[in-house]
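Let's take a friendly walk through a protein model together. Have your viewer open, and keep the sequence at hand as you read.

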Amino acid sequence: MGTSVESQTVETGDGVKLHVRLFRPSSSSDRARNLVVILVHPFTVLGGCQALLKGIALGLAGRGHVAVTFDMRGAGRSSGRASLTGFAEVRDVVAVCDWVAESLSPDGIVLVGSSAGAPIAGSSVDKVDQVVAYVSLGYPFGFMSSILFGRHYPAILKSQKPKLFIMGTRDGFTSVKQLENKLRSAEGRVETRLLEGVSHFQMEGPEYDARMTDLISEFIESL
């Protein structure tokens, strides 16, 4: 199944112009529910951009899902300036979700956040009615990460929407124990998938795109 890729510009409520890519399967899907997957990239301050998620987006489109990537403010061809804590970027996620809901009229949206994109996506989940589920790839729950992203934690933990946390057991930012401790207080349907012996940046790398695609796809099928 081939994939067509389109570029779009989406403007946020505070006037930032975001560069968005839409990955469409070449033939229409016969799925019972038309769910669009929006992927939120890693920390812009450390060089994160939508190109890092292209492999997963192509993989999902190959499975018949419409996938969307975008550069958050200050990344790639998007305007604006990146923030350190990711709260300004929540506006970017909400703007892209609103654009998808209006332009594509899906039955729902699945938000997927990678690394620092996970807390940013998590803070957006309950700000958009059309979001039906959430997936995190390497959510930074560790002590050092909590200094920057700790204020994002309650939003996803308190959300009733189904959520999947994927993490490598050798993630340098979050230990398995820290993940398990945080998720004890999580509400709603919560699932975890641990990749044995895999580090944080290894899991973000292209060699794990196919595995991420499989896990995200399986979760979507279960919704």
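This is a predicted model: local features need pLDDT of at least 70, side-chain atom pairs count only at pLDDT 80 or more; totals for chains, interfaces and linings use all residues.

Strand 7 (residues 163-170) runs parallel to strand 8 (residues 190-199), and seven bridges join the two. Pairing here requires at least two DSSP bridges between two strands; helices (H or I, at least four residues) and strands (E, at least two) are DSSP runs, numbered from the N terminus. With helix 6 (residues 176-183), strands 7 and 8 form a right-handed β-α-β unit: with the strands pointing away from the viewer, the path from the first strand over the helix to the second runs clockwise.

On a 1 Å grid over the protein atoms alone, a cavity is a set of points where a 1.4 Å probe fits but cannot get out, while a pocket is an open set with protein on both sides within 12 Å along at least five of seven lines; lining residues have an atom within 4 Å of a point. Grid points are joined across faces, edges and corners, and a volume is the space filled by probe spheres set on the points.

The largest pocket has about 250 Å³ of volume. Among its 17 lining residues, F43, L46, S115, F173 and F201 lie nearest the centre. Helix 4 (143-149) and helix 7 (200-204) each give two or more residues to this lining, and helix 4 gives the most, with four.

Two cavities of 30 Å³ or more turn up in the whole structure. The largest cavity holds about 80 Å³, and its lining includes P42, L52, M203 and D209. Helix 7 and helix 8 (209-222) each supply at least two of the lining residues. The second largest cavity, of about 40 Å³, has F43, M72 and E89 among its lining residues.

Finally, the cysteines: there are zero disulfides (pairs of cysteine sulfur atoms within 2.5 Å) in the whole structure.

Methods
Residues are numbered from 1 along each chain as its sequence is written. Side-chain values use heavy atoms; hydrogens and water are left out.
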